[in-house]
Amino acid sequence: MDNQLFIYNSLTRKKEEFKALNPPHVGMYVCGPTVYGEAHLGHARPAITFDILFRYLQHLGYKVRYVRNITDVGHLENDQDEGEDKILKKARLESLEPMEVVQYYTNSYHRSMRQLNVLDPSIEPHASGHIIEQQAFIDKIFENGYAYEKNGSVYFDVEKYNKKYKYGILSGRVLEDLQANTRTLDGQDEKKNPFDFALWKKASPQHLMHWPSKWSEGFPGWHLECSTMGTKYLGDEFDIHGGGMDLLFPHHECEIAQSTAANGKSAVRYWMHNNMITLNGQKMGKSLGNAVSLDNFFSGDHKLLAQPYSAMTIRFFILQAHYRGTLDFSNEALISAEKGLERLFRGMDTLEKIRATQDGYKAEQLKQKLYKALNDDLNTPVLISHLFDGLKQINQLKEGKISIDDKNLEELKKLYHDFVINILGLTKEKKEEGSGLTSELIDTILRLRLEAKQNKDFETSDRIRDALSALGIEIKDKKDGSDWEIR
Ligand code: ZN
């Protein structure tokens, strides 16, 4: 590979040069959604972050097997080992079969992801489809002495594990400190230690989703599915595991413990975590009333939203921040992202109209900058700023202030196509209200105005200018036509 990609590994807390375990193949696992509600912004960020990595690795010539799971069983309220299953709760409230809830919200998630132009993963396994594999995984942990059974439930013995391996290597937490700061919750007295976590839970009589096992009629613990399905499809050791920062502890910490206890080694070489999203400065959450679904954004149908925002505006907005930084959504920021994206596509339209003349502009420097930005831990905001800088040259080329030969023009077009369309995954939208058509319509109107001017019909040409101005479209006259901009 010519391009050396550096990524921030949450495990070592360093930016490291990415080296595939078995090049050109890369195994990548990302924790997908628990399907009990509409897809919202919190789902969009990890999906888009790892979509960029998926696309970029392929662009660099890797063959990527990308596994993103669907959690449809075992994820209990508050991410604890007690409480109601999130999906069962929804099923009870809506008088549905749990699998109806799973199907409905899986469909809704897929729809939103396609609108956001997130590529489908190579494999999308469901936790409920891997019960036998999860039971076999528990057997391995048992054989190695890191699990114990109590009243039909099986727990992971964190204290024992911590003596041989260290628990907390990913989050940097120390077990003794954790223990000192924890109170025992009701119903957790089955555990030897409050930090032990469930591998298998015996189902209570009201619990609808349960499977037979040697321990009890029950269901797997939430953390187990990812260890099981990750290693099933990617091998005992694989390249990249991603997810939101909220999953780092305990979910991913427990995954490391499970894989190490079962197979003697942590399955993952590079851990990557995207940061969280806030909405108007507040953490998103249903209890705060600010959980806005992606469909709400697309329709504009929510009290916090000033207008609808297209899927590409949301995607572009997310990419304008580095994935490890927090990101605050506000109407102002989204409106400016919408304008920025329009400007980018208008620049690309202009690029298509440029004709090569003679040696002049060289695309090489821009190319180096674009790769350097993404190779530096997927720095999409820097990448986007270089793409905007390039628009200035494109305008100069259009105005004939600088020249370009055929080879460099082709290279420049290829760069924009590769980075904007293929890697950032941004596509030009045809909006229903016609703004997708806006560019072409305005260009047509301006051509008519130019004809009027050439015929010395200044009254018509001024009327067209005033009418466009009233719509917020500003016209700048030049000697051979005019430019326009939406204010
Ligand atoms: Zn997971």
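Predicted model: local features only at pLDDT ≥ 70, side-chain atom pairs only at ≥ 80, totals over all residues.

Entry 1, the sheet. I found 3 strands forming an open sheet, ordered E12-E11-E13, with mixed pairing. Strand E12 (282–283) and strand E13 (327–329) are at the edges with a single partner strand each, so one side of each has no neighbour in the sheet. I noted the rules too: strands (E, at least two residues) and helices (H or I, at least four) are DSSP runs numbered from the N terminus, and two strands pair if DSSP finds at least two bridges between them.

Strand E11 (residues 277–279) runs antiparallel to E12, over 2 bridges. I looked up Leu279 and got Gln282 in E12 as its bridge partner.

Residues count from 1 along each chain as its sequence is written, and side-chain values use heavy atoms, without hydrogens and water.

I take a cavity as a set of points on a 1 Å grid over the protein atoms alone where a 1.4 Å probe fits but cannot get out, and lining residues have an atom within 4 Å of a point. The count is 5 cavities of 30 Å³ or more.

Where does the largest cavity lie? Domain 1 (18–274) and domain 2 (279–423) both give residues to its lining, so the cavity lies between them; the bounds come from an automatic or database domain assignment. Among the lining residues I see Arg45, Tyr323 and Thr380. H1 gives the largest share, 3 residues.

Note on methods
1 Å grid on protein atoms, 1.4 Å probe; cavity = no way out; pocket = protein on both sides within 12 Å on 5 of 7 lines; lining within 4 Å. Points joined across faces, edges and corners; volume = space filled by probe spheres on them.
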